[in-house]
Amino acid sequence: MTILFPGSFDPVTLGHLDLIKRGAQLFDHIIVAVLHNPTKQPLFTVQERVKMLQIAVEGIPNVQIESYSGLLVEYAKKQGVSCVLRGVRSTADCAYEIPMAIANHQISTNANAISKNEAENVLTGYKLTGIETILLITSPAYAHISAGLVREVAAAGYGNAKSSNSINFAFDDKILDQWVLPTVKDMLRNKYL
Ligand code: PNS
């Protein structure tokens with residue numbers, strides 16, 4: 001089975017990579033899809049995020065990196081994929097993921113304009129009718145890491161270092177090694193210095 005792993009990946013963290021590696025063992029093929037959201041101002045462009053993911057998954061043969069815009073269910077349909085993978089670190093993540101999974105299922109089911117036969121299958125419960133979401137629990141070592149946290153610390157560490165030669169620079173830089181790959185750390189540094 002091919003599964004879609006969508007996200008902002010701004011930037012990709014070791015937590016994302018853990019999910020990708022574990023997903024690659026569970027599923028035949030993973031399409032990691034970077035959301036291009038024109039209404040948001042990301043730190044990294046889509047091209048940069050795709051690049052860092054490509055570097056991150058080098059050597060994992062069944063992982064493909066792509067980007068998308070618009071509705072996730074539309075993109076899944078375009079790719080011919082009916083299953084989405086998302087990671088959960090906490091109950092707070094569940095509170096975000098569960099409604100999204102239900103909405104994606106509902107949107108895709110309606111969008112598929114279920115035929116009478118398919119509608120009957122819904123009643124008997126033996127046929128998948130919409131996009132399904134599989135939630136994979138993040139490994140405990142990465143459960144506290146988020147892209148937002150990485151951006152915040154990088155901005156404080158590198159941003160301050162540039163403006164005031166902050167003495168926190170070395171400390172912040174070292175911290176990032178535990179959260180992101182060296183390539184991503186370099187890209188973060190280049191954004192600020
Ligand atoms: O890494 P993120 O930001 O938590 O990922 C969220 C993402 C990109 C998976 C989600 O916001 C998404 O797919 N957005 C695309 C628009 C969409 O389909 N929205 C409806 C979801 S109910």
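# Close-up views of the predicted protein chain

**View 1. Overall arrangement of the protein chain.** The protein chain contains eight helices and five strands. The structure shown is a predicted model. Read from the N terminus, the elements follow the order β-α-β-α-β-α-β-α-α-β-α-α-α. Of the 193 residues in the protein chain, 26% are buried. Among contacts in the protein chain with a separation of 6 or more, 74% are between residues 24 or more positions apart.

**View 2. The pairing of strands β1 and β2.** Strands β1 and β2 run parallel and are joined by six bridges. The chain passes from β1 to β2 by way of helix α1, residues 14–26, in a right-handed β-α-β crossover. Within this pairing, phenylalanine 5 stands opposite valine 32, a residue of β2. Strand β2 is mostly covered, with five of its seven residues buried.

**View 3. The pairing of strands β2 and β3.** Strand β2 also pairs with strand β3, residues 63–68, in the parallel sense and over six bridges. Isoleucine 30 has valine 63 in β3 as its bridge partner. A right-handed β-α-β unit is formed by β2, helix α2 (residues 46–56) and β3.

**View 4. The largest nonpolar core and leucine 4.** The largest nonpolar core comprises 36 residues, and the residues with the most contacts inside it are Leu4, Phe5, Val32 and Leu53. Strand β2, spanning residues 29–35, supplies the largest share of this core, namely five residues. Two of the residues with the most contacts in the core, Phe5 and Val32, are the pair that stand opposite each other in View 2. When neighbours within four places in sequence are left aside, leucine 4 is in contact with Ile31, Ala33, Ala76, Gln79, Val81, Cys83, Val84 and Leu85.

**View 5. Methionine 187 in helix α8.** Methionine 187 is located in helix α8, which covers residues 182–192. This residue counts as buried because 20 C-beta neighbours lie inside 10 Å, and the threshold for a buried residue is 20 or more. Apart from neighbours within four places in sequence, methionine 187 is in contact with Pro11, Phe44, Glu48 and Met52. One of these contacts, with proline 11, joins positions 176 residues apart along the chain, whose C-alpha atoms are separated by 9.3 Å.

View 6. Aspartate 177 belongs to the loop between α7 (169–176) and α8. Because aspartate 177 has 11 C-beta neighbours inside 10 Å, this residue counts as exposed; the limit for an exposed residue is 12 or fewer. Aspartate 177 and leucine 14 are 163 residues apart in sequence, and their C-alpha atoms are 9.4 Å apart in space.

How values were computed. Residues numbered from 1 in each chain as written. Predicted model: local features only at pLDDT ≥ 70, side-chain atom pairs only at ≥ 80, totals over all residues. Helix = DSSP H or I, 4+ residues; strand = E, 2+ residues; numbered from the N terminus. Contact = placed C-beta atoms within 7 Å. Core = buried A, V, L, I, M, F, W, Y, C linked by C-beta atoms within 7 Å. Pairing = 2+ DSSP bridges. Right-handed = clockwise from strand over helix to strand, strands pointing away.
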